[in-house]
Amino acid sequence: MRAIVHHSFAEPESVLTVEERPLPEPGAGHVRVKTILSPIHNHDLWTVRGTYGFVPDLPAQAGTEAVGTVDALGHGVKGLEVGQRVVSGGTFGVWAEYFTAKASGLIPVPEELPDEAAAQLVAMPLSALSLLHSLGLDEGQWMAQNAANGAVGRLVAQLAAARGIGVVGLVRRQEAVDQLHEQGITNVVSTGDDGWQDRVATVTGGAPIVAGVDSVGGAAASDMISLLAEKGTLIAFGAMDSAALEISSGDLIFRQITVKGFWGSVVNREMDAATRADLFAELLARVSSGKLTLPVAAVYSFDDVREAVAASLAPGRVGKVLLKP
């Protein structure tokens with residue numbers, strides 16, 4: 001079979017290649033899946049660079065999420081059938097024509113869900129919904145997030161709105177505000193404008209912001225904390241600009257701000273099966289109703305993976321870049 005592989009850790013545009021690899025055989029409790037589509041996530045690229053929390057042995061295949069059809073069943077697998085369409089959001093090495101995964105980690109998807117939406121249903125949307133679930137916010141409460149025009153930011157805004165939770169989104173450019181408005185996402189403020197903090201207060205009507213999600217790092221973390229109410233919570237979700245958080249000790253001591261980290265792969269792995277099932281059912285319902293949109297920027301073949309990576313890294317991109325065998 002053909003697979004996307006890298007033999008060293010470096011920029012994905014320089015090391016990803018398409019190679020022939022042995023067809024994997026499913027072991028006991030595992031399934032072989034024939035790949036239909038797979039998205040490019042930031043954490044996939046960080047893994048290729050060797051800078052993520054998971055570092056694979058080399059040479060390594062890449063990719064972590066895909067939609068495909070069941071191609072072969074390992075011993076003891078029940079509840080799945082050959083030809084059935086499934087998604088996987090936590091299987092490493094899915095940028096291949098075929099991959100194997102634990103049967104328990106595969107989720108059947110309904111026929112009415114398009115491949116383009118199914119391909120990106122688990123990793124980012126489930127992480128976004130798990131993040132909201134972990135915050136424990138009640139209907140009518142407010143939260144804030146930066147990088148609001150990113151994939152997770154868009155998802156959090158839509159999912160929170162469906163739950164009746166207010167979200168203030170922070171972006172750096174007015175163009176991003178306009179792009180989000182086109183997707184139906186409002187309450188977005190550009191930090192490039194003077195007096196943006198006052199604009200945030202206008203959006204919330206002066207209501208306290210009890211939680212903030214920082215995906216940027218550096219000074220952006222301090223900006224986020226400045227918006228939080230006393231005893232608010234800051235969630236460190238990503239580090240687009242800097243791995244270091246610039247935080248005042250005074251905010252932690254005198255305003256009793258709590259700072260926590262969130263890694264979706266760990267949270268979802270440790271979540272009880274019933275809660276995970278409920279959250280995934282909510283995702284399917286939101287997508288089916290149109291309250292949650294999963295746009296696609298472009299679809300590239302495996303042979304054009306380096307061009308696909310460049311497209312995924314392009315500023316201003318709206319929607320996921322998908323790979324197709």
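Buried means under 20% relative accessible area and exposed over 50%, with partly exposed in between (1.4 Å probe, protein chains only). This is a predicted model, in which local features need pLDDT of at least 70, side-chain atom pairs count only at pLDDT 80 or more, and totals for chains, interfaces and linings use all residues. Residues are numbered from 1 along each chain as its sequence is written, and side-chain values use heavy atoms, with hydrogens and water left out.

**View A. Helix α7 has a buried side and an exposed side**. Helices (H or I, at least four residues) and strands (E, at least two) are DSSP runs, numbered from the N terminus. Helix α7 spans residues 196-204 and buries Trp 196, Val 200, Val 203 and Thr 204. Seen down the axis of α7, these buried residues fall within an arc of 90°, so they line one face. The arc is that of the directions from the helix axis to the C-beta atoms. Asp 198 and Thr 202 are exposed on the face turned away. Cover for the buried residues includes β9 (142-145), β10, β11 (188-190), β12 and α8 (219-227). Just after α7, Gly 205 takes a positive phi of about 65°.

**View B. Leu 170 sits in strand β10**. The strand covers residues 166-171. Leu 170 is buried, with a relative accessible area of 5%. Contact means heavy atoms within 4.5 Å. **View C. Helices α4 and α11 cross**. The axes of α4 (residues 123-135) and α11 (residues 273-289) come within 10 Å and cross at roughly 115°. Axes are lines fitted to C-alpha atoms, for helices over the stretch in contact, and angles run from 0 to 180 degrees between N-to-C directions. On the α4 side, the contact is made by Pro 125, Leu 126, Leu 129, Ser 130 and His 133. Thr 275, Arg 276, Leu 279, Glu 282 and Leu 283 belong to α11.

**View D. The largest nonpolar core has 40 residues**. A nonpolar core is a set of buried Ala, Val, Leu, Ile, Met, Phe, Trp, Tyr and Cys residues joined through side-chain atoms within 4.5 Å. Val 87 and Met 143 have the most contacts inside this core. Helix α4 gives the most, with eight residues. Leaving aside neighbours within four places in sequence, Val 87 is in contact with residues including Ala 66, Leu 106, Val 122 and Phe 280.
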